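Welcome, and thanks for taking a look at this briefing. Please have the sequence and the 3D view open as you read.

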Protein chains: 2
Amino acid sequence: MKVKVLFSSGKDSSLAAILLEPFFDVKLVTINFGIVPTFNIARETAKKLGFSCSEKVLDPSFIIEAASMLIEDGSPGRAINHLHNSALEAVCSETDTTIVADGTRRDDKVPLLTVSEVRSLEDRHKIKYIRPLMGYGRSAVDALAETHLQIIQGESDEVEKADYEVELRSFIRKQYINGDSIVDSLFPKHIQSHVINKKIS
Amino acid sequence: MKVKVLFSSGKDSSLAAILLEPFFDVKLVTINFGIVPTFNIARETAKKLGFSCSEKVLDPSFIIEAASMLIEDGSPGRAINHLHNSALEAVCSETDTTIVADGTRRDDKVPLLTVSEVRSLEDRHKIKYIRPLMGYGRSAVDALAETHLQIIQGESDEVEKADYEVELRSFIRKQYINGDSIVDSLFPKHIQSHVINKKIS
């Protein structure tokens, strides 16, 4: 059974792929909105984990919409959810998609679909949506990561990743007057992880 | 990392164990409340799946309490949750427990802990509680079962299992006046699954 896993090169999507690998034919997909070229970092990390990775390029209009939401709300939650939903909708719409997965987990607040959004996604596209980490809390995820991954951690602006936030931040910095200060105030710095390799057990 | 998986010999707890097997040292635990001897069926199924299985015997008072809840409510939801919570508390209280898992899944209503109950369980016992199927919907679980398990299905009274409902039903049939009609009316018949072997891929 082939499963397409949304992949950012971060800890969670890497672990989701690793948990699925013994049971599914895992294909990673990294999403790009045409703002920052993030495919190289995703492909490189995927290769080190032993997976193939393709790129799905979506329209920059999603980033423009997300930026407006961010400014309106004064926080990035709805914007990031919008990008994640758009990514899922796009991958689920591909004719060869039967199972889609991502790295969202129990303690995540964003991005996260509600149970009814999950069922709607599955019903409308006639696909299965699997979230392998949804039954794992923070400490269980950390224990898995410790066992299976070599990780670099750093503040969110410094870690190279292929996630939505990278492109959204970059767009706002370039396109908005006072973009730098908007990003600095609305994206509180937090520790991000980038996977550099698999640990050999 | 050793994980104790609550095991009923049903499809869901079997799949939970199988999903964890590549990443954890899986030990199955079957719960018994002293009403019906269910250990043999659990141990036999566990052996066919390639796992060891121990029995944790809890006090029959939990079944007595659950039966009262069932009669009071006119439906088995709270009673089954009470038995599941009691089982989790007992296993989490063992001094050698660091990780506990079960077969609850996304579309389950009962037994199911709320997010705050899950966090409370983890915090109070300083353990990790993993629900490997929590990110899997019904059709994804069915696809996994189809690939990995040989299953017998039948109406809930006919399938031999080592789950809470078997003991609760038996207790009510024996101890309550009109026990048979209480069980027949309050446990609507539904299709239960019992795992008889692993499929060799």
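Which handedness does the β-α-β unit made by β2(A), helix α2 of chain A and β3(A) have? The β-α-β unit is right-handed, and its helix α2 covers residues 39-49 of chain A. Right-handed here means that, with the strands pointing away from the viewer, the path from the first strand over the helix to the second runs clockwise. This is a predicted model, where local features need pLDDT of at least 70, side-chain atom pairs count only at pLDDT 80 or more, and totals for chains, interfaces and linings use all residues. Residues are numbered from 1 along each chain as its sequence is written, while chains are lettered from A and ligands numbered from 1 in the order in which they are written.

**The sheet of chain A**

- Chain A has an open sheet of five strands, paired in parallel in the order β3-β2-β1-β4-β5 (helices, H or I with at least four residues, and strands, E with at least two, are DSSP runs numbered from the N terminus; two strands pair if DSSP finds at least two bridges between them).
- β3 and β5 (128-130) of chain A are at the edges with a single partner strand each, so one side of each has no neighbour in the sheet.
- From one strand to the next, the twist averages 30 degrees (angles run from 0 to 180 degrees between N-to-C directions, and axes are lines fitted to C-alpha atoms, for helices over the stretch in contact).

**Strand partners**

- Strand β1 (residues 2-6) of chain A runs parallel to β2(A), and five bridges join them.
- L6(A) has V29(A) in β2(A) as its bridge partner.
- β2 (residues 25-32) and β3 (residues 53-57) of chain A are also parallel, joined by five bridges.
- Opposite T30(A) you will find E55(A) in β3(A).

**A helix pair in chain A**

- Helices α3 (residues 61-73) and α4 (residues 77-93) of chain A pack at about 160 degrees, with axes 7 Å apart.

**Where the chains touch**

- 17 residues of chain B contact 17 residues of chain A (C-beta atoms, placed from the backbone, within 7 Å).
- α6(B) gives the largest share of the chain B side, four residues.

Technical notes: Two residues are in contact if their C-beta atoms, placed from the backbone, lie within 7 Å.
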